[in-house]
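Subject: Structure handover

Hello,

Please find the structure below, with notes on what came out of the analysis.

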Amino acid sequence: MRRVFSILIVLGLILFFVNSLSILPEYGKVKLSKVSSAYINKSVNGNSEKVKFGESKDLEDGSANVVTSIVVNYRSFDTLGEVTVLFTSALGVGLILHGYKRKKYGRQPNFILRISVGILLPLILLFGAYIFIHGHLTPGGGFPGGTIIAAGILLLYLSNEEYDLSKVSKFVESTAGSLYVIVGLTGLAISGIFLLNFLPTGVVGNLFSAGIVPIVYILIGFKVGAELSGIIADLYREEG
């Protein structure tokens, strides 16, 4: 039943994306959005007014890392699709490995590895969280931050085979994904645009700035970290 339900979800996502292709405008007849018009009409002669660091007037100025303005503002729906692709991959791994029994060799992990992971794991998790929390300020974001966290979980499994975080990772992944969609629906309810940056952009360089960008990156960080950790848990899972 669980496998059938998962297959139905995947088929539903495929049908959704296929149906979305029918609403795309014809080539050459695309109406420019406000963002496109702003970039095309932007002055390149150096006569335009320059915004000083510390002031914020639009989406670009709200984020110290301009890349995040593109990924989480202008391409936020596309980023949601990328996370969905990762979720589908993790779901596929879970379906393939479902029912497999891993042989237990009865060996104890290396003592030095266990001690080292006990010291380094909190630092790895803290560094991963720092990467996606400060993604709008410094190079980084949800994807690299979540990957770092998953790397720490991998070391945890290598150092001690008794851990089973599959249920926890699935809960965190589903919660983060649901909150991502809720943030998008909130923008849709406020302004009629899905995933619109509806919060004040604040002051450039401050932690609480760039509107919903840090919120979305935190959700992406937890979702990516949980999905990759779920794959690791499935690979190390042992069923009786």
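Leaving out residues up to four places away in sequence, T79 touches V71, F143, Y180 and I220 (contact means heavy atoms within 4.5 Å). T79 is located in helix α5. With a relative accessibility of 0%, T79 counts as buried (buried is under 20% relative accessible area, exposed over 50%, and partly exposed in between, using a 1.4 Å probe and protein chains only).

Some notes on provenance. This is a predicted model, in which local features need pLDDT of at least 70 and side-chain atom pairs count only at pLDDT 80 or more, while totals for chains, interfaces and linings use all residues. Residues are numbered from 1 along each chain as its sequence is written, and side-chain values use heavy atoms, with hydrogens and water left out.

Overall content

The protein has nine helices and zero strands; helices (H or I, at least four residues) and strands (E, at least two) are DSSP runs, numbered from the N terminus. The pattern along the sequence is accordingly α-α-α-α-α-α-α-α-α. Of its 240 residues, 32% count as buried. Among contacts with a separation of 6 or more, 71% are between residues 24 or more positions apart.

Helix α5

For the 22 residues of α5, 1.5 Å a residue predicts a span of 32 Å, and the end C-alpha atoms are 32 Å apart, in agreement (the expected span is 1.5 Å times one less than the number of residues). The buried residues of α5 include S76, T79, L80, G81, V83 and T84. L86, A90, L91 and G94 of α5 are buried as well.

Helix α9 and its partners

α9 has 24 residues and reaches 34 Å from its first C-alpha to its last, close to the 34 Å expected at 1.5 Å a residue. The helix is mostly covered, with 18 of its 24 residues buried.

α5 with α9: helix α5 (residues 76-97) and helix α9 (residues 213-236) pack at about 15°, with axes 9 Å apart. Axes here are lines fitted to C-alpha atoms, for helices over the stretch in contact, and angles run from 0 to 180 degrees between N-to-C directions. The two helices are therefore roughly parallel (under 35 degrees counts as roughly parallel, over 145 as roughly antiparallel, 65 to 115 as roughly perpendicular, and the rest as oblique). Their crossing is left-handed, a term used if the near helix is turned anticlockwise from the far one by less than a right angle, with clockwise being right-handed. On the α5 side the contact is made by T79, V83, L86, F87, A90, V93, G94 and L97. On the α9 side it is made by I220, K223, V224, E227, L228, I231, D234 and L235. These residues divide into 11 nonpolar, two polar and three charged. For that count, Ala, Val, Leu, Ile, Met, Phe, Trp, Tyr, Cys and Pro are nonpolar, Asp, Glu, Lys and Arg are charged, and the others, Gly among them, are polar.

α8 with α9: the axes of helix α8 (residues 166-191) and α9 come within 8 Å and cross at roughly 150°. That makes α8 roughly antiparallel to α9. This crossing is left-handed. Residues of α8 in the contact include S169, V172, A176, Y180 and V183, and those of α9 include V216, L219, I220, K223 and A226. The contact divides into 12 nonpolar, five polar and five charged residues.

α4 with α9: the axes of helix α4 (residues 66-74) and α9 come within 10 Å and cross at roughly 80°. The pair is therefore roughly perpendicular. T68, V71, V72 and N73 of α4 meet V213, V216 and Y217 of α9. Five of these residues are nonpolar, two are polar and none is charged.

Two further residues

I148 lies in helix α7 (residues 142-159) and is partly exposed, with a relative accessible area of 22%. Not counting residues up to four places away in sequence, I148 touches I124, F127, G128 and I131. The C-alpha atoms of I148 and G128 are separated by 5.2 Å, although the two are 20 residues apart along the chain.

E162 lies in the loop between α7 and α8. Its relative accessibility is 73%, so E162 counts as exposed. The C-alpha atoms of E162 and Y236, 74 residues apart along the chain, are separated by 9.8 Å.

Regards
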